[in-house]
Amino acid sequence: MTPGLILIGTAGGVLLTIIGLALWDSWRHIPGAPRALWILRWTTTIILLMGALLAWQEGDSQSLNPVPRLMLMAALATGPGLHPHSSSLSSALQVLPALALTEISLLWSAQPSDLSGVSGAEFGNGIHSAIEWTTVLCGGLGARTLGQVLSQLVAWISSTERELGSWSDEEEGESESVSTEQDSDPRENDSPVVPDSSSTTTYALLTLLISAMTLVNLWQRGTLWTGTTDGTRLVGAWLIWSAAWLISRSPSWLQTVLITGAALLLTLTALGI
Amino acid sequence: MIDQTERDPWRMVWQIATSNQWMAALLLCIAAGLLLATWLPQMPTSDPPPPAAYAQWLSDAQARFGNATSTMQALGFFHVTRSLGLRLLLILLAATLLLHLIEGIDQLWQHRTVTQPATEWRSLAATSLPNVLGALSHRHRVLSAPPLHQADHWPWADLLPLLPQTGGLLLLLGALLTHLWGWQVDGLIVQGGERTLIPNTNRWIVLDKTARSAAHSPGIVVFITDQVPGVRAYAYDETGKPLALQRAAGSPPLPQLAIALTEEQVLAIPEAQLYIRLTPQTESIRNPTADLLDPILVQMYQSPPGRLIQQTVIEEDTELAVGDVKLHLDGLPYARLTAVFNPGLWFTAAGVVLLVVGLVGCLIWPTRRIWLREGEQVETTGDPLPPLAQRTENGEA
C-alpha cells in the first residue's frame, strides 16, 4: 500500500466525517460544529494536496497522471473559505463532488482504467503541461462550483418552503400582508443561485484556458479550430457558462441549470470521461 | 403614447435582438451543436476525404446507427461544424453582436450624464445622503442633478463590455475570411533537406536535413504532423557500375530512388531481374536516436519466378548483396506536414485577445449603477450598494 493510497483513504474518511457531522449538526445543533467543519475541510484539502504531490512523484513527473489529477481536483473542490461562516448542511453538500472525486481516485488506484483527461499532447511539452494543469484547475473549480450550486439550491428550496409556510399561515389568519420596500429586490428572492466568487473564478480561468488554446492553435497550426473532442467540450462548457453569465442580471432557475451543466461538463472533461 | 411605443414591432425586434436572453439562446444552440459533434462520429474534414478514413468513419457510423445512418447523414448530423444550421447560427450571432455593439456605444454616450432609473425605489433607513455619496465617491463617479444622484464606473464599466462584442465580431470575421479565401493541405510528405512546392499554389516548404523543422513561404503556417521513415536506394553490379532502379513498370529508370515509407513500397532493378519490397515495421517503438532507422522489413524477389531470395529487417544504413548485385539502403528522414494559408489569422487572434481582455475586465469590474434621491427619506435604486456604503448606511462610518 503506497503512501498516496493511504492519504486518499484518509481524505475519503475525513470527507465522510464532515458529511456525517454536518448532517448531525443540522438535525441536532452541536455547539462549535461550523468551526470544526471548517477545520476538517482545511485538513482534507491539505491531505489531498499532499496525496496529489506524492502520487505525482510516484508516477511520471512529465505528465499529470489520473490519480494526482483527481486528488488535486478534489482538493480544490473541498477547500473552504477563509472564515467558517457556511451552515452545516451547506458544508455537507459542498463537499459531495470532492467525495465523489476522492472515491474515483481510490477506485482508480485499486483498478487502473483509461482515464486520461485532456492530453494537450499536440501542443508540445511546455504548453502541454500548462494546458493540462490549467484544465485540472478548471475541473477542480468546476467541481467546487457544483458543490456550491447544490448547497445554494437546497438553501433556496428550504427558504422558499419557509416563506410559503409563513405566507399560508398569514392567509389562514386572514391577515393582510404588507410588504416593505426593503425586501422588494427580486434578485434576492427569485434566484436559486447567486453567482459567487468560485463560479466567477472558474469562468475567468476557463476563458483564459480557451483563449490560450486558440492562440496556440493559431500560432502552431494556423487554424482556429482543430476539432479535438476535449477542446470542443471545453468550448461547449465555456459557451454554456457565458450564456449563464449573460443572464445573470435576471437570475432564475435557468441560470442554475446552465451553471450546473457547464460545471459538470468541465469536470468530466478534466477527468477525460 | 407608451402603449404605441410598446407595440412598435421594430422596437420589439430591436429589444429582442439586443437582449442578453437572445444572445444566451444563440450561444446555447451553438454549444449544443458542438457537443453533438463530439458525440456523433463526424465525417473526415478533408475534401475529398481520404478513402481509408472515410471507410473507417462509415463503418463506425453504420455500426452505431444502422439503417438510420443515411437519414442522419442527409440531415447533417455527421458534419455538424460545416452544416448550414451552425453557419446560420454564427451569422445570427455576428448580427446580434453588431447590434449589441451599436447599443453599447449609444449607452456609453448616454451614460456620460445622469439618466433616469426605470426600477422601483427602496428606502434607506437611518442614513444621510452625504455620507453614502461620500463613501461611493471613493470608487465611483458620482453625478448629481438634485434631487437625483447617480454613482457608476463610467466610462470603463461601459467601455469594457464593448471589447468582447468587438472581439467576437473580429473572431467571426477572421473565420469568414479563412472560409472564403483560406486553404489547408493535409498529409504532405516532404523529404528532409528538400524544397517542395505545395500543390496548386506557388508556396514552398523546405525541411531541414533531420526533417524536424521547416522553412516556408511567408504568409503560410506549416505544422509537422509526424516523422515518416524513408530510404535512399541505389545499386551496383560487381564492376561498380550503377544499376538503374524503377518504382513501377512505366516509370523512368533512375540511378537512385528516394522513397518515403508511409506504407509498403516496391522497387525493381530490371537489369538484375530483382524486385524489392520495403515494409515499415509500424508496430515497433520508434527509435529516438537520429542515426538509426525505424525498422524496415526488406524482402528481395527474383523475377520471373517471383521467388523470395532474401529477407531481413534493417535498422541502419545497410548494404545487401544478392549474387553480384549490391543494394544500398540509407536512411532518409521524411515528415508529414500540414500547410495552412489563413488570411483571417490576425483578425482572429486580435478578436480572441479583445474577447478575453473584455470578459475578464467585465468580471473584475462589472457594470454597476446606483441612483439615490432624498425626499422624506434617502432612497436608492439600481444595483445594490457596495459594502462600504452599506456600512455607512447603517451608521457605522
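A nonpolar core is a set of buried Ala, Val, Leu, Ile, Met, Phe, Trp, Tyr and Cys residues joined through C-beta atoms within 7 Å. A residue is buried if 20 or more other C-beta atoms lie within 10 Å of its own, exposed if 12 or fewer, and partly exposed in between, with C-beta atoms placed from the backbone. This is a predicted model: local features need pLDDT of at least 70, side-chain atom pairs count only at pLDDT 80 or more, and totals for chains, interfaces and linings use all residues. Residues are numbered from 1 along each chain as its sequence is written, while chains are lettered from A and ligands numbered from 1 in the order in which they are written.

Start with the largest nonpolar core. It has 76 residues. Met71(A), Met73(A), Ile240(A), Trp241(A) and Ala262(A) touch the most other members. Helix 9 of chain A gives the most to this core, with eleven residues. Helices here are DSSP runs of H or I with at least four residues, strands are runs of E with at least two, and both are numbered from the N terminus. The core draws at least three residues from each of domain 1 (3-110) and domain 2 (116-163 + 190-273) of chain A. These domain bounds come from an automatic or database domain assignment.

Met73(A) deserves a look of its own. Leaving out residues up to four places away in sequence, Met73(A) touches Leu101(A), Val136(A), Gly139(A), Gly140(A), Ala143(A) and Ala270(A). Two residues are in contact if their C-beta atoms, placed from the backbone, lie within 7 Å. As general background, nonpolar side chains tend to be buried together in soluble globular proteins.

Now take chain A as a whole. The chain has ten helices and zero strands. Of its 273 residues, 45% are buried. Among contacts in chain A with a separation of 6 or more, 80% come from residues 24 or more positions apart.

How do the two domains meet? Chain A is divided into domain 1 (3-110) and domain 2 (116-163 + 190-273). The contact takes 18 residues from domain 1 of chain A and 18 residues from domain 2 of chain A. On the domain 1 side, helix 3 (66-78), helix 4 (88-94) and helix 5 (96-110) of chain A each give two or more residues. Helix 3 of chain A gives the most, with seven. That side of domain 1 divides into 14 nonpolar, three polar and one charged. In this count Ala, Val, Leu, Ile, Met, Phe, Trp, Tyr, Cys and Pro are nonpolar, Asp, Glu, Lys and Arg are charged, and the others, Gly among them, are polar.

Next comes the interface between the chains. Here 30 residues of chain A are in contact with 32 residues of chain B. On the chain A side, helix 8 (197-221) and helix 9 (229-246) of chain A are the elements that give two or more residues. Helix 8 of chain A gives the most, with eleven. The chain A side divides into twelve nonpolar, 14 polar and four charged.

Chain B brings strands. Two strands pair if DSSP finds at least two bridges between them. Strand 3 (residues 148-152) and strand 19 (residues 369-374) of chain B pair in the antiparallel sense over five bridges. Asp152(B) has Arg369(B) as its bridge partner in strand 19 of chain B. Strand 19 of chain B also runs antiparallel to strand 20 (residues 378-382) of chain B, again joined by five bridges. A hairpin links strand 19 to strand 20 of chain B through three residues. Across this pairing, Glu374(B) has Val378(B) as its bridge partner, and Trp371(B) stands opposite Thr381(B). Strand 1 (residues 122-124) of chain B joins strand 20 of chain B through three antiparallel bridges. There, Leu124(B) stands opposite Val378(B).

Finally, confidence. The model scores ipTM 0.82 and pTM 0.82. The pLDDT is the predictor's confidence in each residue, from 0 to 100. Chain B has a mean pLDDT of 85, and 92% of its residues reach 70 or more. In chain B, confidence is lowest in helix 1 (residues 2-7), at a mean of 56, and highest in helix 9 (residues 162-181), at 95. Over residues 284-291 of chain B the pLDDT is below 50, and this stretch has six contacts in the model beyond near neighbours in sequence.
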